[in-house]
Every structure is written in C-alpha cells, then in structure tokens.
Amino acid sequence: KDSKAYFHLLNQIAPKGQKEGELRIDINMSGFNETDDLRRAESMLQQADKLGCRQFVTPADVVSGNPKLNLAFVANLFNKYPALTKPENQDIDWTLLEGETREERTFRNWMNSLGVNPHVNHLYADLQDALVILQLYERIKVPVDWSKVNKPPYPKLGANMKKLENCNYAVELGKHPAKFSLVGIGGQDLNDGNQTLTLALVWQLMRRYTLNVLEDLGDGQKANDDIIVSWVNRTLSEAGKSTSIQSFKDKTISSSLAVVDLIDAIQPGCINYDLVKSGNLTEDDKHNNAKYAVSMARRIGARVYALPEDLVEVKPKMVMTVFACLMGRGMKRV
C-alpha cells in the first residue's frame, strides 16, 4: 500500500540494456522517499508508465490496496517483464498471463487518446458510471444533455443508482441518436461491468469514430484506402524520404520505417533516427521501432490508438487507422 515494494520491483525488472537490441530503461527512485502515500504512488506509477505498464490502477487503488486491480497491475508487469530465463525445451505461452486482452488494450488506448476524464486504467471498472462513454458520444458527434448526467462525487447512499441512471442514458443515446445495434444491452450491463456487452457498445463507438475521421479526410465522403495511401506516399516523397507503401497489407510496414519517416515528414526533426533500427531487422527490432513510432505519433498530436503489435503483424484495419490519424494530423484536421 505504500508503493515501496513496487518501486523495488520496477527497478529490478526494468531492462538494463545488456542484451543485444535491448533499450535501457532507468527507474527514478526519487519518489521512494515521498512522505505522502498518494504522491508516492503517483510517482511510482509514472515510473511504471516508462515500462508501458501504468494501466489498471490509480494512486488511490494502490494506497487503498484494491486486491483485484493490484493483482491485474502485477500480472501485467509479470507478463511484459517476467525477468525470468525461459527453461530449455519448453514453450511457454506468456499470453496466458495477459492482464487484459489485446482488443481491450486497443479500446483503452483509443479512449485515452481522446483525452477522456478520468483516464481509463481498467476498461470495465472505469466505465461503470458511463461518464467516459458519454464523453465518447460527444467525440463521435452525438450530442449529450449533460443536465441529465450525474457527476461525482456520488452520495454515499444511492451512489450506484446515480451511476445506473448514467448507464441507462448512455444506452438510450446509443439506440436512438447514434443508431447503434444494442439489442439485449441495458444500462445494468454497463453498470455490472459485463465484458461482452460493454465491448459490443465500445466497438461501435470506436468504429463510428474511425468512419468520422475518414469522412473528415474526404471532405464529407469516406476517404478510401487509395486516397490515404496516395497522400502518405506523396508526403514521404516531398519530404525526401525513401520509404513508401503499396497498401495497408504491405509487409514492409512491419519495420515501421514508413510510419517513422511520415511522422518526421509531418513534423521535421522530431525523430531521433539513432533510436530507429533498419536493415535486416529481428523481431525485437521491429517491436522497438513500432513502439517508438506509436509513441512519437501520439507525441506530435496524432490520436493513434493502434498497438505496436498491429504494425509489426501488419493488421490492415489497424494499420489504416495509424495512417489515417497521421493524415489527419498532417492536414491539421484531427
């Protein structure tokens, strides 16, 4: 609860840069001596963020000792940085220890890329009062009557009823103005954190957002793949870059070099090419390039919500969202 054990754990598992191609990540232990528990927890989570592992808990969750969320936090640390030597002749599927699914992480990244408040650390628990969902409706141009919305702090008596009212309103907006398919989904399902039904709504929200982005790029008409690919290649060429893409299925995208070059073309000089690997790339090289590309895309203001794995594995739909968001940033529309 005092975060001190977490500080030691992060310092122990952080990559030391001793393996070939491994980037060193230094954990700042200065927050260890912070006297206030909440501030110490926040400092610890800032260090966890360096490892890409801040999700699931807030400082208050750490201090209060919330068992489920702290377990998810530790499981995620173990999954990403097991700090163990793989036994010989044994294939271990580390994904079995995943704290959240890849789909859930994509949705969470998307929400946070839009600046929702509060920050979404745990997909289901943080949507149970529907405040984030209602903010997402506004992002997809569905008007929200905030006079109907209950906001925290909620009263001790009847708090859950206030949250349930928000959830009912969120489902109502989805069925009518948004015209989503929400058959069999009620406010109680969101309030209960029903995973399947919550994901059904969130998926439709993200899909509508993506369609809106494409329409904005196409001046009211959906920008198809050819339009986006053409813009990407023209922008790369005009910036003197040697990379290009044939389509969103182009296997060369797995290196993330075209994405990195495009970011540098949009905001010249922002890329540190010393951190970018080229030539014959290992899988680790590709993952490191992808992580850097996604991080820098967000840093220049592109609301990229795809995961590094989507680039490495060249998932066409998610690759399209990366280039579409960068196109929007390049055209100053998103």
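Visitor: How many salt bridges are counted between domain 2 and domain 3?
Guide: This is a predicted model. The domain assignment places domain 2 at 102-217 and domain 3 at 224-332. Between domain 2 and domain 3, the count of salt bridges is three.

Visitor: How far apart are the closest N and O atoms of D310 and R102?
Guide: D310 forms a salt bridge with R102. A salt bridge needs the nitrogen within 4 Å of the carboxyl oxygen. Here the closest N and O atoms of D310 and R102 are apart by 2.7 Å.

Visitor: Which elements give two or more residues to the side of domain 2 that touches domain 3?
Guide: That side of domain 2 divides into seven nonpolar, four polar and two charged residues. Two elements each give two or more residues to it: α5 (102-113) and α9 (195-217).

Visitor: How many residues of domain 3 are in contact with domain 2?
Guide: The C-alpha centres of domain 2 and domain 3 lie 29 Å apart. Contact is judged on heavy atoms, within 4.5 Å. From domain 2, 13 residues take part. From domain 3, the number is 18.

Visitor: What area do domain 2 and domain 3 bury between them?
Guide: The size of an interface is often given as the accessible area lost when the parts come together. For domain 2 and domain 3, 63% of that area is on carbon and sulfur atoms. The buried area is about 1,300 Å².

Visitor: Is A302 buried or exposed?
Guide: A302 sits in the loop between α12 (283-299) and α13 (308-312). Leaving out residues up to four places away in sequence, A302 touches A297, C325, L326 and R329. Its relative accessibility is 3%. Buried means under 20%, so A302 counts as buried.

Visitor: How far apart in space are A302 and F107?
Guide: In sequence, A302 and F107 are 195 residues apart. In space, C-alpha to C-alpha, the distance between A302 and F107 is 16 Å.

Visitor: Why does R40 count as buried?
Guide: R40 lies in helix α2 (residues 37-50). Beyond four places in sequence, R40 touches D2, S3, K4, F7, G31, F32, E34 and T35. The cut-off for buried is under 20% relative accessible area. R40 counts as buried because its relative accessibility is 5%.

Visitor: Which residue has its backbone oxygen 3.4 Å from a polar atom of the side chain of R40?
Guide: A polar contact pairs N or O atoms within 3.5 Å. The side chain of R40 has a polar atom 3.4 Å from a backbone oxygen. That oxygen belongs to T35.

How values were computed: Residues numbered from 1 in each chain as written. Predicted model: local features only at pLDDT ≥ 70, side-chain atom pairs only at ≥ 80, totals over all residues. Heavy atoms only, no water. Helix = DSSP H or I, 4+ residues; strand = E, 2+ residues; numbered from the N terminus. Buried < 20%, exposed > 50% of the residue type's maximum accessible area, 1.4 Å probe, protein only. Polar contact = N/O pair within 3.5 Å; in protein donor to acceptor, adjacent residues only side chain to side chain. Domains from an automatic or database assignment. Buried area = accessible area lost by both parts, 1.4 Å probe. Salt bridge = Lys/Arg side-chain N within 4 Å of Asp/Glu carboxyl O. Nonpolar A, V, L, I, M, F, W, Y, C, P; charged D, E, K, R; others polar.
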